[in-house]
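Please keep the sequence and the three-dimensional view at hand while reading.

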Amino acid sequence: MVTLIEERKVVQTDQEDAVTYSSRVMRSFVHRVAKKKDAKVLDMGPVSDQRINFLIPHVKSVFVCDLFLQINKGMAMPKIKKNLDYEPYSFDGILLWDCLDRLDLQETEVLLEHCSSLLNDGGHLCMAAYDEFVSNPPVSSFCIKKNFDVVLKRQSHLVLPYFHRHNRDILHIMRNFTLINSYVYRSGIREFYFRRG
Amino acid sequence: MLKKNRNEFESYPNQYELPTNNATSSDSSSQKEKTVIGELISIDGTVRAKEDLIIQGSLKGSMELEKNHAIIGPKGNVEADIAAENITICGKMNGNASVKGKVEITHEAEFVGQIKTKRIAIEDGAYVKATIEMVRDDDKRDKQQPTKRPMEAVVVNKKNEPTPAKTPVS
């Protein structure tokens, strides 16, 4: 497992300081997925038009299904899973972002099993997590800009529980996937890049 | 009820304003009349229009506004395939949107379906379950490529030729 630390950058936005970092996982993900003809990517949200506009030139289609809003509405995992009603082996890549930080262990296991069924053989899965325990961290969407710079944009309409997990716990729950890379940034974000199988 | 009333359109919040990316078209479009399908109206079938349309009621079927703007208001409920120049979704829509210009989805919107567009803007808080494909100008690219590439190849070949100037001149 490769761990790499980057310098923290803080940019001033209209309302608050936003954490930014240059995403090496997204760089790898885009380069690998873009090689496939008619690549399809599933993004679990929170929906960001900046991210969609960034991804769309590299793939044939971006599928968006906002799990964060569904969790915020109090939907149970069976119903969330029902909303992810895509055909098996539909996707070349899935972007989970920090969705697992917002689900308990049981829900996480169900979601990951479903993700595994949606991915092609050798399909890619990216996720993020806070590096250290933070008390009630705000929900943010990961907006991708030029040069794979990621800006965390606060989603004040979402109030979700938070489950912090150490690396070993994440690797355990992701045991059905193969770890390709993981990075920890000084901004306090960890990124993991997995492959199905 | 169906209304052709500029005043009613203008009484809505700013989110209903037409896109201003093209100054000439926005100037002319602001003078256009807009038809409002009111809250108490349900339409089942195909709607074809040559003017902008605001839907506050419900619509099932399809909608064709090739050069115009479709707006689904906060109380609008649309289960239809829509082809339009621009679409603004503030209410509920289930269907496919084929748009030449821009799709805007506001924070109170719920969209389920497929979007084909050149540009998309989604406000935080909008529920979106969608397949998004970008419309690309492939025809223009195909026409440009054959003329550009051979020229680049010629330049590269010239650069790769051995250049006597590199050897030191005594």
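Predicted model: local features only at pLDDT ≥ 70, side-chain atom pairs only at ≥ 80, totals over all residues.

Helices (H or I, at least four residues) and strands (E, at least two) are DSSP runs, numbered from the N terminus. On that basis, chain B has three helices and 11 strands.

**Chain B as a whole**

- Along the sequence, the elements of chain B follow the pattern β-α-α-β-β-β-β-β-β-β-β-β-β-α.
- Chain B comprises 170 residues, of which 41% are buried.
- Of the contacts in chain B with a separation of 6 or more, 16% are between residues 24 or more positions apart.

**Strand β11 of chain B**

- Eight of the eight residues of β11(B) are buried, so the strand is largely enclosed by the rest of the structure.
- Burial applies to both faces of β11(B): one side carries B:Tyr127, B:Lys129, B:Thr131 and B:Glu133, and the other carries B:Val128, B:Ala130, B:Ile132 and B:Met134.
- Within chain B, β11(B) pairs with strand β9 (residues 110–117) in the parallel sense over eight bridges.
- In this part of the chain, B:Glu133 of β11(B) is the bridge partner of B:Lys116.
- B:Lys129 in β11(B) stands opposite A:Cys65.

**Extent of the contact between the chains**

- Chain A brings 24 residues to the contact, and chain B brings 16 residues.
- About 1,700 Å² is buried between chain A and chain B, with 49% of this area given by carbon and sulfur atoms.
- A:Val47, A:Asp49 and A:Ile56 supply 25% of the area that chain A buries against chain B, more than any other three residues.

**Polar and charged links**

- Three salt bridges are counted between chain A and chain B.
- A salt bridge (2.5 Å, N to O) joins the side chains of A:Asp85 and B:Lys129.
- There are 10 residue pairs in polar contact between chain A and chain B, with both residues at pLDDT 80 or more.

**The side of chain A that touches chain B**

- At least two residues of this side come from each of α2 (49–55), β4 (61–65), α3 (67–72) and β8 (149–154) of chain A.
- β4(A) gives the most to this side, with five residues.
- By class, this side of chain A has 11 nonpolar, six polar and seven charged residues.

Note on methods:
Residues numbered from 1 in each chain as written. Chains lettered and ligands numbered in written order. Heavy atoms only, no water. Contact = heavy atoms within 4.5 Å. Buried area = accessible area lost by both parts, 1.4 Å probe. Salt bridge = Lys/Arg side-chain N within 4 Å of Asp/Glu carboxyl O. Polar contact = N/O pair within 3.5 Å; in protein donor to acceptor, adjacent residues only side chain to side chain. Nonpolar A, V, L, I, M, F, W, Y, C, P; charged D, E, K, R; others polar. Pairing = 2+ DSSP bridges. Buried < 20%, exposed > 50% of the residue type's maximum accessible area, 1.4 Å probe, protein only.
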